[in-house]
Amino acid sequence: MLNMAVRNTKKLIRERSREQNIRIGRFFTKKGTAALMSVMCHASNAESVSILDPGAGTGILSAALIERLCLSATPPKTVELTCFENDAMMLPMLEYNLVRLRRRARHDYGVKLIFKIRTENFVLSAADELGGCFDYVIANPPSELLAKDSPEVTALSSLCAGATDIAFLFASMGMKMLKPDGEMVALLPTAYASGVYLDRIRLYLMGEGHIAKLHLFAAKGKGDKPDATKDEMILKFIKAPVEEGATLPISSSYSDGDGGDI
């Protein structure tokens, strides 16, 4: 399933001009990263599970997580998937991939996949909804600093001290959309750990749940020395209080996925 989504995404990129390839290629989740994010999710033994993929792109992360669930010891009978994507260029490939995923899930694993594509702005839509709907959120959100008077920052003014990277607004709304004990795995800028302007967002996320796993990326420096300048990490949140005495598993790798290819 993941291989299929990646293969079709590469076709989409090849159809664009060289200039567009440079611009759009970096927005897709790399295959290795998607696989790693999916295995960070605990495979539920529930008969029905719900997944949210905000900023879904062409559905690479959705494919990775659905494959993970289908291959688990007790796969669900039904998976309900909601994808948010408002880039018109991505939508035809996203729908094509999800139709293929639905067919594969049913034929190969006996899993019924029900999907919905929503084309609204995820942050603004989630801010207006009650939340608490999903067992899983898996996200590689866009990273862009939004001005303090942008619609998204204005809608979440209680969490924002000023200009804010939209990636952290995605994470905040993702947490809101989780059911109690639900899991969110997100690829986020490392500024989450140090940005002073993110104090309110960190307090919100830690008030709603806790970090259960952390994966750091390190680029290879000169010789065999690691270069700790990579600016992304994977965080797994669980929407539940942290257990007393719990430890935080931390893993790392030298690159985010497959050496620059999706």
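A disulfide is here a pair of cysteine sulfur atoms within 2.5 Å. By that criterion, the structure holds zero disulfides.

The structure is a predicted model, in which local features need pLDDT of at least 70, side-chain atom pairs count only at pLDDT 80 or more, and totals for chains, interfaces and linings use all residues. Residues are numbered from 1 along each chain as its sequence is written, and side-chain values use heavy atoms, with hydrogens and water left out.

The chain contains nine helices and twelve strands, taken as DSSP runs numbered from the N terminus (helices: H or I, at least four residues; strands: E, at least two). Of its 262 residues, 48% count as buried; buried means under 20% relative accessible area, exposed over 50%, and partly exposed in between (1.4 Å probe, protein chains only). Among contacts with a separation of 6 or more, 78% join residues 24 or more positions apart, a contact being heavy atoms within 4.5 Å.

Helix H4 (residues 60-70) is mostly covered, with nine of its eleven residues buried. The buried residues of H4 include Ile-60, Leu-61, Leu-65, Leu-69 and Cys-70.

| Residue | Relative accessibility | Class |
|---|---|---|
| Cys-41 | 1% | buried |
| Cys-83 | 0% | buried |
| Asp-181 | 57% | exposed |

Asp-181 is found in strand S7 (residues 178-189). The phi angle of Asp-181 is near 70°, a positive value in a residue other than glycine. Asp-181 counts as exposed because its relative accessibility is 57%.
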